[in-house]
There are 2 protein chains.
Amino acid sequence: MEPMAKHSMLYSYKLAVLSKAMWKSVEKDWQNWIKPFNLNLNEHHILWIADQFNGASISDIASYGAMHVSTAFNFSKKLEKRGLLTFSKKQEDKRNTYVCLTKEGEILLHETLRVFNEQTFNVYQGSLPIKEIYGRFPEFSELVSIVRHLYDDDFIRQFNDDSFISPQPSLKQKNYL
Amino acid sequence: MEPMAKHSMLYSYKLAVLSKAMWKSVEKDWQNWIKPFNLNLNEHHILWIADQFNGASISDIASYGAMHVSTAFNFSKKLEKRGLLTFSKKQEDKRNTYVCLTKEGEILLHETLRVFNEQTFNVYQGSLPIKEIYGRFPEFSELVSIVRHLYDDDFIRQFNDDSFISPQPSLKQKNYL
């Protein structure tokens, strides 16, 4: 094997294992957070994204939620059956179908967000020592730059502080941010 | 909701979505890499870890591989049935059971490592622009510090360049690094 290949494998391995470690921790904490609401992680993420957008297409949900289109569709259908969202057309776009929260869906989502407790989110807790030292939370600019390569700019925009809130004003309006 | 809670949720969301995006990409590329060998990701990781350690306990595999003990055990058993590894005692430690690769297991693992192609690993490709700018690959020190909080120091040690290779000299000896 070429020297470059050796290094590329070690570097890829490091990134693979770091990503797995982070995601497995997040997955566990996220599941525990929403378990009392009888939602799984994909269902909760769908409600969250649909709410941020005041209605999101299945394709929006798939790309912002880093899930397969079929996953986004199937879990949206389940949520529809529970009366938490509806599939409908938007006034300004009659061609595409959008997932919109029902009143019940909104109430449930807000309740989950209200009880979010950072004490139980280990990746948050693990960031506190960095904040202690630098006076602010890390920005992960290297990681963001890699993820920008993997997904599109919209994906990044959803958590780039200002734009996460401002272009879709629903979170702000609804007063839980 | 308190202002602190709002920020902690946004920050946790960012970390959650970044971690998911990274891991989903890694998972897909890793699966495609080893598919021709009829291995799944956990099986390949078990072979890899067992080889690095010249025999690893189920608990080693679980903690280095960020998998449940039951996952580590069940997939190790499957690999044993295929004749790729054995459960045995070590000369210097008769109490614990160690997973050791058979000759067939070693040959298969080495073959997978030999065909590793960084062109197909998107998180590697996504890192190249950073290397272009800074002259080296990113170190993710913030991420490593968070993962150190989530797991133990051994977990970090497996990919901290020198120690990944040196304390378990098998990779070096076996001439595929």
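This is a predicted model: local features need pLDDT of at least 70, side-chain atom pairs count only at pLDDT 80 or more; totals for chains, interfaces and linings use all residues.

The dialogue below goes through fold, interface, core and charged pairs.

Q: How many of the residues of chain A count as buried, and what share of its contacts is between residues 24 or more positions apart?

A: Of 177 residues in chain A, 53% count as buried. Among contacts in chain A with a separation of 6 or more, 52% join residues 24 or more positions apart.

Q: How do I read the contact between chain B and chain A?

A: Start with residue counts and area. Each side is listed in turn: 66 residues from chain B and 66 residues from chain A. The two chains bury about 6700 Å² between them, and carbon and sulfur atoms account for 75% of that area. On the chain B side, Met9(B), Tyr13(B) and Lys20(B) lose the most area to chain A, together 11% of what that side buries.

Q: How many salt bridges and polar contacts are there between chain B and chain A?

A: The salt-bridge count between the two chains is zero. Polar contact, in turn, is found for 16 residue pairs across the interface, both residues at pLDDT 80 or more.

Q: Which helices of chain B supply residues to the side that touches chain A?

A: Helices H1 (3-34), H2 (41-52), H5 (103-114), H6 (122-125), H8 (141-150) and H10 (161-165) of chain B each supply at least two residues. H1(B) gives the largest share, 24 residues. Sorted by class, that side of chain B has 42 nonpolar, 16 polar and eight charged residues.

Q: What should I look for in a nonpolar core?

A: In soluble globular proteins, nonpolar side chains tend to be buried together. Here the largest nonpolar core has 109 residues, and those with the most contacts inside it are Trp30(A), Leu47(A), Trp30(B), Leu47(B) and Ile146(B). Setting aside neighbours within four places in sequence, Trp30(A) is in contact with Leu41(A), His44(A), His45(A), Trp48(A), Phe121(A) and Ala16(B).

Q: How do I read salt bridges?

A: Side chains of opposite charge can pair when their charged atoms come close. The whole structure has eight salt bridges over all chains. One of them joins Arg114(A) and Glu111(A), at 2.8 Å from N to O. Both residues lie in helix H5 (residues 103-114) of chain A, three residues apart, about one turn of the helix. Arg114(A) is exposed, with a relative accessible area of 54%, while Glu111(A) is partly exposed at 30%.

Q: Where does Glu139(B) lie, and is Glu139(B) buried or partly exposed?

A: Glu139(B) sits in the loop between helix H7 (128-134) and H8 of chain B. Its relative accessibility is 48%, so Glu139(B) counts as partly exposed. Beyond its neighbours within four places in sequence, Glu139(B) is in contact with Lys14(A), Glu142(A) and Val144(B).

Note on methods:
Residues are numbered from 1 along each chain as its sequence is written. Chains are lettered from A and ligands numbered from 1 in the order in which they are written. Side-chain values use heavy atoms; hydrogens and water are left out. Contact means heavy atoms within 4.5 Å. Buried area is the accessible area (1.4 Å probe) that two parts lose on being put together, summed over both. A salt bridge is a side-chain nitrogen of Lys or Arg within 4 Å of a carboxyl oxygen of Asp or Glu. A polar contact is a pair of N or O atoms within 3.5 Å; within protein, one must be able to donate a hydrogen and the other to accept it, and residues adjacent in sequence count only if both atoms are side-chain atoms. Helices (H or I, at least four residues) and strands (E, at least two) are DSSP runs, numbered from the N terminus. Ala, Val, Leu, Ile, Met, Phe, Trp, Tyr, Cys and Pro count as nonpolar, Asp, Glu, Lys and Arg as charged, and the others, Gly among them, as polar. A nonpolar core is a set of buried Ala, Val, Leu, Ile, Met, Phe, Trp, Tyr and Cys residues joined through side-chain atoms within 4.5 Å. Buried means under 20% relative accessible area, exposed over 50%, partly exposed in between (1.4 Å probe, protein chains only).
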